[in-house]
Amino acid sequence: MPAHASDTLTDFAGLTREQAALRLRPHGFGEGKLRDLWKRVYRDLADPFSDAPSGDRKLDALREHFTLCAPEVAAQTHGGDGLTRKFLFRLHDGQTIETVLMRQAGRHTACVSTQAGCAQGCVFCATGQGGFRRHLTTGEMVAQIRHVARTLAADGERLRNIVLMGMGEPLHNYDAVRDFLAVVQDDLGIGIAPAHTTLSTVGLVPGILRMARENFPAHLALSLHAANDADRQALLPPARRWPLAELMAACDEYTAARREKIFYEWTLVGGKNDSDTQARELAALLAPRAGFAHVNLIPLNLTDGYAGTPTPPDRVQRFQALLKEAGIPATVRSRRGLDVAAGCGQLAKVAARHAR
Ligand code: SAH
Ligand code: SF4
């Protein structure tokens, strides 16, 4: 049975170092001893809670109270390029989530899931089509990173970037995501830099404002996909709750507070949001924000639940050129990179089909 938290056992991976200090002190773990334990778990990527007894009486006694969440890997797939690897994890209650490892020389990236399913219901998204199951715990997010980091360590390599672009809406699970970042960014352990961390949101305005006000340790990517309310509402249900004016006001507050660029994600769907008019509309929306805006164009990945098609390459180029003419930097994501991650949810669907 893979390890997981229970009524009696606390998941160590669900604790920030500050929280762990409070919880472990009664068990005789002062600062130094906790540092040693933290390094074993997050630097050596060992599991002192279920490895053979250590001979350290206090450490071995901890097993009566703590465990380390390590979900079972139910399936793995490799991208055709050999650089992308998707892991499907089965959690203790049977929920399945995906994590993607994208290898690039010296710049390996993990794409992490923050929820099982998603409540936001975006029409082209496989995760959205399956509905919401539950929030992931901090420990379940940390476990994804520990697994990816161990996979890389086996080849003598290190994880450098984290993108919160897997299954789920990270700002709908704000506190657990914030604690997750505190764990994986901790310098004593995995030590991912905030500058190498990106959170992508469908645009939950209260969450964006919290990020701005709390100096959240990640860059912001906003899934914009449309630059007027009618088009946006047709693709993304949360757009009905937060109209563009309100959303962009939140983005402006974010930029003013942090003086850093926002990435605007634009999934290109043939005939839906890829016309010249729509490119000019996007350029007009971002023009006052030029210098603090970067657009990522991602041709649609096909999903079972949506009949749309990806924008053809010549139209993608034209859309990009119109943005560039207007002074808005735009990158086309190659289909072998982040777009594989954007298809998160698809592997879970395939696996569920096989499990039936
Ligand atoms: N919930 C967050 C993060 C996860 S989705 C968000 O929506 O931003 C990560 C990105 O993948 C988002 O920009 C999303 O719009 C995009 N995406 C989802 N399904 C896709 C598909 N079928 N093809 C291309 N991009 C997709
Ligand atoms: Fe959820 Fe993001 Fe998918 Fe929308 S695109 S359903 S917010 S995971």
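This is a predicted model: local features need pLDDT of at least 70, side-chain atom pairs count only at pLDDT 80 or more; totals for chains, interfaces and linings use all residues.
The protein chain contains 14 helices and 14 strands. Its radius of gyration is 21 Å, close to the 21 Å that the globule rule gives for 356 residues, so the chain is as compact as a globular protein of that length. Along the principal axes, the C-alpha atoms of the protein chain fill a box of roughly 70 × 45 × 40 Å. Of the 356 residues in the protein chain, 52% are buried. When contacts between residues at least 6 apart in sequence are considered, 67% of them join residues at least 24 apart.

Strand β9, which spans residues 159–164, is joined to β10 by three bridges, and the two strands run parallel. Within this pairing, Ile 162 has Thr 197 of β10 as its bridge partner. Strand β10, comprising residues 197–201, is in turn joined to β11 by four bridges, again in a parallel arrangement. Here Thr 198 stands opposite His 219 of β11. Strands β11 and β12 also pair in the parallel sense, over four bridges, and Ala 221 has Phe 263 of β12 as its bridge partner. The pairing of β12 with strand β13 (residues 293–299) is likewise parallel and extends over seven bridges. In this pairing, Tyr 264 stands opposite Val 295 of β13.

In β10, five of the five residues are buried, and the strand is mostly covered. In a regular strand the side chains alternate between the two faces of the sheet. Both faces of β10 are covered: Thr 197, Leu 199 and Thr 201 are buried on one side, and Thr 198 and Ser 200 are buried on the other. Strand β11 (residues 219–223) has four of its five residues buried, so it is largely enclosed by the rest of the structure. Strand β12, formed by residues 262–268, is mostly covered as well, with six of its seven residues buried.

With a relative accessibility of 15%, Gly 166 counts as buried, because the limit for burial is under 20%. The C-alpha atoms of Gly 166 and Arg 133 are 15 Å apart in space, and the two residues are 33 apart in sequence. Asp 175 is placed in helix α6 and is partly exposed, with a relative accessible area of 39%. Between Asp 175 and Val 163, which are 12 residues apart in sequence, the C-alpha to C-alpha distance is 17 Å.

Pro 206 belongs to helix α7, which covers residues 205–213, and counts as partly exposed at 47% relative accessibility. Pro 206 and Cys 251 are 45 residues apart along the chain, and their C-alpha atoms are separated by 11 Å.

Most residues other than glycine have a negative phi. Asn 215 is found in the loop between α7 and β11, whereas His 225 lies in the loop between β11 and α8 (229–235). The accessibility of the two residues also bears description. Asn 215 counts as exposed, with a relative accessibility of 56%, since the limit for this class is over 50%. His 225, by contrast, is buried, with a relative accessible area of 4%.

Technical notes
Residues are numbered from 1 along each chain as its sequence is written. Chains are lettered from A and ligands numbered from 1 in the order in which they are written. Side-chain values use heavy atoms; hydrogens and water are left out. The radius of gyration is taken over C-alpha atoms; the globule rule is 2.2 Å times the number of residues to the power 0.38. Buried means under 20% relative accessible area, exposed over 50%, partly exposed in between (1.4 Å probe, protein chains only). Contact means heavy atoms within 4.5 Å. Two strands pair if DSSP finds at least two bridges between them.
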